[in-house]
There are 2 protein chains.
Amino acid sequence: MEQAELVQKFKTHGYKMTPQRRAIIETTTGSLSHLSAEEIHQIVSKRMPDIALATVYNTLRELVAIGAAREMNLSNDARRYEFSQDMHSHFVCLVCGKIQDVQTDQHKLASLFKLNSGNYAIRYEATIYGYCPNCAPVGIEK
Amino acid sequence: MEQAELVQKFKTHGYKMTPQRRAIIETTTGSLSHLSAEEIHQIVSKRMPDIALATVYNTLRELVAIGAAREMNLSNDARRYEFSQDMHSHFVCLVCGKIQDVQTDQHKLASLFKLNSGNYAIRYEATIYGYCPNCAPVGIEK
DNA sequence: CTCACTGCAAACTATTTGCATCGTA
DNA sequence: TACGATGCAAATAGTTTGCAGTGAG
């Protein structure tokens with residue numbers, strides 16, 4: 001989503017546009033994603049040193065609410081956020097926790113499942129767990 | 001995994017078999033899965049009132065370590081555990097959080113992804129988010 | 001000028017850890 | 001008998017909330 005579009009959408013939903021929110025939006029739209037609230041707070045703090053971590057959490061919740069961000073619960077540590085609109089899957093290293101995006105044919109993915117009647121699917125996600133190049137144990141073929 | 005097999009595997013890995021661990025194993029092997037540590041603690045507490053929640057957490061960690069349980073991080077609340085060996089996917093209701101198992105052809109699922117070179121996959125998981133029959137908003141076709 | 005938003009600190013929740021005691025092997 | 005496991009309580013980590021002051025619309 002474009003920044004301008006995002007700012008607009010934010011207002012449409014009845015939120016006021018504050019400098020804090022603008023800074024967070026600018027940071028996250030340009031970001032590589034997979035960031036935690038803590039990491040986003042650190043980045044934004046560089047140019048806005050007084051911003052509170054709670055404000056970051058609040059804004060992230062709002063971004064999720066308007067569909068501009070998605071939460072990722074891939075591992076046991078902090079929640080991570082994703083800001084791109086395109087759906088893809090994730091490769092998570094079991095050792096170091098590093099997350100890589102993996103492109104996915106959403107249509108093929110969806111076609112694999114036969115849902116119980118009455119269930120209505122909104123989105124499909126796949127996660128692949130394994131070893132990244134740095135963490136592969138010896139003996140595991142490349 | 002059979003209970004006896006599991007008890008054996010537990011010992012093989014150098015763990016002592018205590019009444020607490022046995023009770024947890026018996027509870028989880030017979031369970032419907034998707035239980036949180038708290039829920040498992042409550043169930044086991046009925047027949048062993050003094051068992052500590054920390055013991056449940058420790059035992060769960062061990063079960064994961066020996067491959068007899070898997071952790072699920074599907075939503076924002078407590079971690080849930082799965083004890084069946086067969087791989088399947090999950091349907092998670094965005095409203096009530098209810099989790100349903102969905103059978104998956106693991107081979108087809110794996111074939112959808114082209115991993116970056118050097119990555120080694122251990123397992124593939126898919127999660128479908130949507131509305132369960134009880135929570136489907138009006139206007140959403142069944 | 002109002003009421004939503006902010007920063008701060010305290011509260012909360014899930015999980016882990018330290019330690020004295022207990023009990024399996 | 002030794003040392004790993006237990007229960008308890010305290011510690012930790014991530015996230016949320018309450019509140020008085022601030023500022024966007």
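This report describes a predicted model of protein chains with DNA strands, taking the DNA surfaces, the pockets and the strands of chain B in turn.

## Basis of the model

Because this is a predicted model, local features need pLDDT of at least 70 and side-chain atom pairs count only at pLDDT 80 or more, whereas totals for chains, interfaces and linings use all residues. Residues are numbered from 1 along each chain as its sequence is written, chains are lettered from A and ligands numbered from 1 in the order in which they are written, and side-chain values use heavy atoms, with hydrogens and water left out.

## The surface near DNA strand D

DNA strand D is surrounded by 19 residues, the closest being A:Tyr57, A:Arg79, B:Thr18, B:Arg21 and B:Thr55; a residue is near a strand if one of its heavy atoms lies within 4 Å of it. Among the atoms of DNA strand D within 4 Å of the protein, 81% belong to sugar or phosphate, and the rest belong to bases. By class, this surface divides into 10 nonpolar, four polar and five charged residues, where Ala, Val, Leu, Ile, Met, Phe, Trp, Tyr, Cys and Pro count as nonpolar, Asp, Glu, Lys and Arg as charged, and the others, Gly among them, as polar.

A sugar or linking oxygen of DNA strand D lies 3.4 Å from a polar side-chain atom of B:Lys16, and one lies 2.9 Å from a polar side-chain atom of B:Gln20. In the side chain of B:Arg21, an N or O atom is 2.8 Å from a phosphate oxygen of DNA strand D. Two or more residues of this surface come from each of helix 4 (53-65) of chain A, helix 2 (19-29) of chain B and helix 4 (53-65) of chain B, and helix 4 of chain A gives the most, with four residues. Helices (H or I, at least four residues) and strands (E, at least two) are DSSP runs, numbered from the N terminus.

## The surface near DNA strand C

Around DNA strand C there are 18 residues, of which A:Thr18, A:Arg21, A:Thr55, B:Tyr57 and B:Arg79 are the closest. Of the atoms of DNA strand C within 4 Å of the protein, 83% belong to sugar or phosphate and the rest to bases. Helix 4 of chain B gives the most to this surface, with three residues.

An N or O atom in the side chain of A:Gln20 is 2.9 Å from a sugar or linking oxygen of DNA strand C.

## The pockets

The largest pocket has a volume of about 1,200 Å³, and among its 50 lining residues A:Asn73, A:Leu74, B:Asn73, B:Leu74 and B:Ser75 lie nearest its centre. On a 1 Å grid over the protein atoms alone, a pocket is an open set of points where a 1.4 Å probe fits, with protein on both sides within 12 Å along at least five of seven lines, and lining residues have an atom within 4 Å of a point; a volume is the space filled by probe spheres set on the points, which are joined across faces, edges and corners. The largest share of this lining, five residues, comes from strand 6 of chain B, and by class the lining has 24 nonpolar, 14 polar and 12 charged residues.

The second largest pocket, with a volume of about 200 Å³, is lined by 16 residues, with A:Asn73, A:Ser75, A:Asn76, A:Asp77 and B:Asn73 nearest its centre. A:Asn73 is placed in the loop between strand 2 and strand 3 (80-82) of chain A, and at 18% relative accessibility A:Asn73 counts as buried (under 20% relative accessible area, with exposed over 50% and partly exposed in between, using a 1.4 Å probe and protein chains only). The side chains of A:Asn73 and B:Asn76 are joined by a polar contact of 3.2 Å.

## Strands of chain B

In chain B, an open sheet of three strands has the order 1-3-2, with antiparallel pairing; two strands pair if DSSP finds at least two bridges between them. Strand 1 (35-36) and strand 2 (70-72) of chain B stand at the edges with a single partner strand each, so one side of each is left without a neighbour in the sheet.

Six of the six residues of strand 4 of chain B are buried, so this strand is largely enclosed by the rest of the structure. Strand 4 of chain B pairs with strand 5 (residues 99-103) of chain B in the antiparallel sense over five bridges, and B:Val92 stands opposite B:Ile99 in strand 5. Four bridges also join strand 4 of chain B to strand 6 of chain B, the two running parallel.

Technical notes: Polar contact = N/O pair within 3.5 Å; in protein donor to acceptor, adjacent residues only side chain to side chain.
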